[in-house]
Amino acid sequence: MKRVCLWLLMFLAFHGARAQQFEFSKELRFAQYLQDKDAAPEAIRVLEQVDTLTLSRAQKDSLFYMLGWAAYTIRRLDKSIGSLLKVSPDFSKYDKSRMFAAYCQAFQGRMDSASDGLRELVLSDSIMRELRSLQLAGIALLKRDYKAFLPQQQQFTYSSYIFEKEERRMQLYYDKLKGFKHKSPALAGIYSALVPGLGKWYAGKKKQGIAAFLPIISLAALTYEAYRKDGVKSARFIGFGSLFTIFYIGDIWGSTLSVKIRRNEFYKEYDNKILFDMHIPLRNFFN
Amino acid sequence: MTIRYCLTCISLFVIFSTRGQGLADSLYKAGRYFDASIAYERILFENNDPNAQLAAIFGKTRCLKQEGRYDQAMTFLENWQAYPFPDSSLAEIHYQQALCTYLGGHFENVLSLVDRWSYEHGGHSPTPMLVVLKILALNELGRWKEAGDAYHTFVAQREPAKVLPDLYLHIPRLKSVEKAQWLSQFIPGAGQFYAGRPGEAIFSILIQTAGIWFAVVSFEQHYYVSAWLIGAALFGAFHMGGVRRAEVLVRQSNRKKMLAFNEAVREQLVSLLQQ
């Protein structure tokens, strides 16, 4: 009797595990089906409802990878990073998961986590190592850490068609970013004090400079006319004079800020280019 | 024994295949349209039974419509057009696709879908609801002549005996944007009057007159800089703004008229269909 019960128990356990495995693979296929139909939010919902407690390590890896990838395709980067980083080193797509997680982190401005994640990878393939160097070089440029860029740049062979152009462009971005001249906000303020709008012109915002010059000069002319015709104590002079002062001081203050704004715009433009050139080789290599 | 086995198999199959449908329907009824659409999609993924598939297709379409995802519904239905369903079902899919296309605001595509109907469904003429969609789409595109012709044919077919008020005798007379701009250019505020906004027209006249008045008075008192930089600048700024505003107002007025006309046509045609 005991033996029969034992056999029955073993039979049920075996079939339970088989059924659970079947259910999981079915869910995974369904999620993949949704993903193929450009229904990533639906795929995420399906994958999130899978009970991870009952899954084996390999099943969890598949689940986290697919969840991370679906979230990445619809730019839910926090979810994507969280899931891709849960994939274990035994999983066949571990390197891809880590590389994309690092890219998403770099995109979010989490540079240190991104570079740490990439450095931890043990890569046997030379092209993969070069791809990692390209990513690390990009991260170094995003951090404006030009010293860290050079050792990575030395790993570039410019021989792989997958990222040869991106390697050359990274070099170009390095030259441009390093050669960017920092203009002085104080000097911009002084210029605008001398000639209204000239500080903005100096900062690189020529149209804004002209736009600031015209109203200030007009107000200056109105103030001068009021002074000549009605005198210093007239309401007309005080009114236009006050307006002129506000606009004049505002322009000086604006010119000092415009230097910073121009600098940020320059960096933002290059950040976008760098992130783009980090992303394309990843997609080309892993797809 | 064999009969009992077959019956058991059939009942198990029915239970299995309707379980997903029931879940999807209950999610839909609970207003959880996103989850319901996944449940319907799961039926399509797991099930090869055409009846279950059709129920799931229409269920998912309902969910997408409830969520306002008309473009997704349009693409989803397009993918099922080539399946070997019965023609009546394909016709319903075709109609739902045209409806979602209309709701998504792709009016040219609605016309193309209506035109495709006869050769996709064995030469049959489009269903009444599809004709209504065509008339409404033509209205939206401002193709009044074609819309009017389709409307008259439709009304004559549905209610030959009954005399309904002919809405196309009073097609909305849309105002010309160019005329409004031209009027505002030469007579301040006239463009706004033309657009049917007398309040804004009076405000525009007053402010531009004030600018001219200030310029003239300042000039007379030898405040030449003030005359130019305040009076003339005020007039110039409000004059150019008035021209642009007249254009916006005419566009708004035209849109309003078109919507009101379309609403009247829609109400009449739908009531005709319900009879």
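**View 1. Helix H4 and helix H5 (residues 94-107) of chain A pack together in this predicted model, at an angle of about 145 degrees and with their axes 9 Å apart.** Axes here are lines fitted to C-alpha atoms, for helices over the stretch in contact, and angles run from 0 to 180 degrees between N-to-C directions. Helices (H or I, at least four residues) and strands (E, at least two) are DSSP runs, numbered from the N terminus. H4(A) passes H5(A) in a left-handed crossing, a term used if the near helix is turned anticlockwise from the far one by less than a right angle, with right-handed used if clockwise. From H4(A), A:Leu77, A:Ser80, A:Ile81 and A:Leu84 meet A:Ser97, A:Phe100, A:Ala101, A:Cys104, A:Gln105 and A:Phe107 of H5(A), where two residues are in contact if their C-beta atoms, placed from the backbone, lie within 7 Å. This contact has seven nonpolar, three polar and no charged residues; Ala, Val, Leu, Ile, Met, Phe, Trp, Tyr, Cys and Pro count as nonpolar, Asp, Glu, Lys and Arg as charged, and the others, Gly among them, as polar.

The model is predicted, and local features need pLDDT of at least 70, side-chain atom pairs count only at pLDDT 80 or more, while totals for chains, interfaces and linings use all residues. Residues are numbered from 1 along each chain as its sequence is written, and chains are lettered from A and ligands numbered from 1 in the order in which they are written.

**View 2. H3(A) and H4(A) have axes that come within 8 Å and cross at roughly 160 degrees.** That angle makes H3(A) roughly antiparallel to H4(A) (angles under 35 degrees count as roughly parallel, over 145 as roughly antiparallel, 65 to 115 as roughly perpendicular and the rest as oblique). The crossing of H3(A) past H4(A) is left-handed. On H3(A) the contact is made by A:Phe64, A:Leu67, A:Gly68, A:Ala71 and A:Tyr72, and on H4(A) by A:Lys79, A:Ser80, A:Ser83 and A:Leu84. Five nonpolar, three polar and one charged residues make up this contact.

**View 3. A:Arg75 lies in the loop between helix H3 (57-73) and helix H4 (77-84) of chain A.** Its phi is near 60 degrees, a positive value in a residue other than glycine. Most residues other than glycine have a negative phi. A:Arg75 counts as exposed because it has 11 C-beta neighbours inside 10 Å; a residue is buried if 20 or more other C-beta atoms lie within 10 Å of its own, exposed if 12 or fewer, and partly exposed in between, with C-beta atoms placed from the backbone.

**View 4. B:His222 is found in the loop between helix H11 (198-220) and H12 of chain B.** Phi of B:His222 is near 70 degrees, again a positive value in a residue other than glycine. With 10 C-beta neighbours inside 10 Å, B:His222 counts as exposed.

**View 5. Eight residues of chain B are in contact with eleven residues of chain A.** On the side of chain B that touches chain A, the elements that give two or more residues are helix H2 (33-46) and helix H12 (224-274) of chain B. H2(B) provides the largest share of that side, four residues. By class, the side of chain B that touches chain A has five nonpolar, one polar and two charged residues.
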